[in-house]
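Let's take a walk through this one together. Have the sequence and the 3D view open, and look up each residue as it comes along.

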Amino acid sequence: MDPLIEQGGDGLGTRPPAEAEVFIRVENVSKQYPGVLALRQVDFSVKAGEVRALLGANGAGKSTLVKVLSGAVQPDSGSLHINGAQVHFTNPTDAIKHGVATVYQELSIVPGLTVAENIMLGQWPHGTVPGSLDRRALFQKARQALKEFDLDLPLEAEAGSLTLAQWQLIEIARAVVHQGRLLILDEPTSSLSAREVRLLMDRVRLLAAKGVAIIFVSHRMQEIQQIAHSITVMRDGSVIDTVSAKSVTTHQIVEMMIGEQQRVRLSAQRTSSAEVILSVRHLTLSSRLQDISFDLHRGEILGVAGLLGSGRTEILRCIMGMIRPDSGTVAVNGTSVHRPSLGKMRRLGIGMTPEDRRGEGFVPFLSTKENLALAGWRYFARGGIISKQALQDNAHDLIARLSIAAASPQVSVSTLSGGNQQKVVIGKWLSAHVHILLLDEPTRGVDVQAKEQIYSLIQDLSMNGMSILYISSEMDELWNVCDRILTLNMGRIVGDFPIAEATLSNVMALAMGGMNTNEY
Amino acid sequence: MSTETKISVTPNTPQLLRTSAANRIREAGLLGAVIVVFIIFSLTAPNFFTIGNFLDVLHAVALQGIVAWGMTLLIIGAEIDISVGPVVAFASVLLAILNTQFGVPIPIAVLLVLLEGTAVGLGAGFIRAYFNVPSFIVTLALWTSIRGLAYLMTNGLPIPISSASFQFWGGGSIAGIPVPVIIMLLLFGVFWFISQRTVFGRSVFAVGGNADAARLSGIPVSRIRVILFGITGLLSTLSGILLASWLGSGNPGAATGMEFDVIAAVIVGGTDLFGGRGTMFGTLLGVILIGMLANGLILMGVSPYVQDILRGVIILVAVLINTLVRRRSIT
């Protein structure tokens, strides 16, 4: 019997299921990664039919906890219980067998198969002819799964022709087919439009009403307050508290997320020039960006704060001409740029370091010195022929200036640590003599010491007149490094504060949205 | 449930219609191309528009077509097999040697050769799947070594097979239709069924489209890869047996470059070289288009070198059109 039908549900899941059984529970779970204790003796449980939001800053341990629950990671110590019985997951398939379904941000859809085949992936019914597929049963079961939560998807269509939101619904339908009794959604709404979010929320609520436990990793307080019964906040690998979603304000959540430290900004406040160097006006990009306008001043470090999917990367990519916005203008030094492109922006003195460092930032098998010259070959070549000496001098100069820990300019960049790779990517633009740098998550995957070095490097550069647009999902980092912070929420600028007027919790609360955010 | 919360997702059907329309446009376009080429040759090439010539066209592509069905599945599974030509030649040689030098009766020899071909294919697939060697490399190694083995076993000379009844399979006909053509069409039906209606066939699409998703859903990805190579090995060998029957000999130099004719037909037929998408019907049209062009150009007395050039142009144009149609349907 399908547990979804069995347990049924009379309400729409707005009331927390007070007397429901605990479905999954972890006790005293710890997980050590090299150099970091990702989980510290965590206790965590979710009841059948409960929608639990899981929040925490980067590195708080929420993704490790999710991985433990979904079988992708095995804890070093502690125990895992389902319906009160202890279980061990050695891989994700084990977890699926125990009714734990996880919808990751990278969806596992097969584009060339029909929607019905995707919903039933791995559970295709056999027909009477050996090896044959019973298409009637397949479609009937898929239709049944959709009916379970009142959803309409074109079952005969190729999945590749559907939208991202529909793909997520396919994954949820798959969880229903697998008789999922815990559904973990990892930032499910970050790439959806408002209408699609509403649709997804409705289905999640319906599943919960049928007794499925839901863990919802997200920082969008509006959505959390709409569907979650309870909120668990993590920080530094520990569970700080679990509170009722109804009674808590965004500010209280933010306080739990940032804790007592980090109240004092580490670096001194500076006054930057009034000269506008880069000016963005009315940038609009379908559902991703709405009327974005701001100025970057000479020598300023302007931070862009926002959750995943708030449009932070899209702003950068529109400025560089990698995405064509629906409308809006970009002006450099007061002159509007007609149809920006990467080549044009580089000639105007703008460089960008991408979020995906390994994929887009450098060429792994080329040497450090060649990577350092990648954006400005013309400074090292005459008539297309490279001067080995110029290349070598440039590399020595930058390795010293940025304190890149490379044994020699000859070593390939793939052998360097993340922090040093990032310095090479920044150095690449210094070789090209840019005066504006757009940095997308420059400290992602970088150790603490290298982070500090990158912060001071960025501040040194700005002292020497470099203007910097700094995107980060780590709000405390923005707060420590930047002179001014723009806050984005769902593609809109909702805050623009000089650092002297901002507080970390205000910036975070604005980015997370929700009720009770305008009270300061 | 109130009607208010029932939000239908079908408002997105315009996009959906566009894509399934795109699939139809692609196949209809290819069918259109086949018809246009057919009409042009019927009007210009002497003796093209006769039933005898249609059968000649099909007969000429039958051996490629047989392998192309398996190749379509393999490419949908995001793999490639370039060992076809040498495997065909080796099968013909092995059959001839078994029959003439060891006196093995033809039916048993055929069975043994089919077993050998399947085993070699499965072996290649095993190395691909379990040692994670790229399929291009595995089959490249097979491509060069098995051709070498065929030459070694024959000293480079064809070995005649003197069995009149055996010639029926490659050269005979039933009701005027050449036997290889009948076999090709029967196998087309079998493989259409496999690709559309069997758990194995649909799993191939899953493995080729998103191997990680397939694995996480409990589909035996490695086993499916092994079987795919077994299928192309089996079909190539069958093709080699029919060739030996047709030529009346085992020939180590036969079927040179056949792998690329087969892959070309599959690609012209709209199968995505990166896996996950493709149809048997498209491959059938691709096989017929390429066969008809060769035939028509010969009848018109065009130089075989020009044929090679034209075939290259057609492959490129077909792939460009497929890419454009697909891109338009996605954005």
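Start with A:R339, which is exposed, having 8 other C-beta atoms within 10 Å. You'll find A:R339 in the loop between β15 (335-336) and α11 (342-347) of chain A. Its phi is positive, near 45°, even though A:R339 isn't a glycine. Most residues other than glycine have a negative phi.

Now try A:M490, another non-glycine with a positive phi, this one about 50°. Buried or exposed? A:M490 is buried, with 21 other C-beta atoms within 10 Å. It sits in the loop between β21 (484-489) and β22 (492-498) of chain A.

A quick word on what you're looking at: this is a predicted model, where local features need pLDDT of at least 70 and side-chain atom pairs count only at pLDDT 80 or more, while totals for chains, interfaces and linings use all residues. Residues are numbered from 1 along each chain as its sequence is written, and chains are lettered from A and ligands numbered from 1 in the order in which they are written.

## A helix tucked away

Helix α10 (residues 312-319) of chain A has seven of its eight residues buried, so the rest of the structure largely encloses it. (Helices are DSSP runs of H or I with at least four residues, strands are E runs of at least two, and both are numbered from the N terminus.) The buried ones include A:I315, A:L316 and A:I319, but also A:R312 and A:E314. After α10(A) comes A:G321, with a positive phi near 80°.

The largest nonpolar core has 245 residues. Such a core is a set of buried Ala, Val, Leu, Ile, Met, Phe, Trp, Tyr and Cys residues joined through C-beta atoms within 7 Å. Among the members touching the most others are A:L183, A:I214 and B:L95. Domain 1 (3-10 + 21-115 + 179-257) and domain 2 (276-512) of chain A both give residues to this core, so it lies between them; those bounds come from an automatic or database domain assignment.

Which residues does A:L183 contact, leaving aside its neighbours within four places in sequence? They are A:A101, A:I172, A:A175, A:L207, A:V212 and A:I214. "Contact" means C-beta atoms, placed from the backbone, within 7 Å.

Note on methods:
Buried ≥ 20, exposed ≤ 12 C-beta atoms within 10 Å, placed from the backbone. Contact = placed C-beta atoms within 7 Å.
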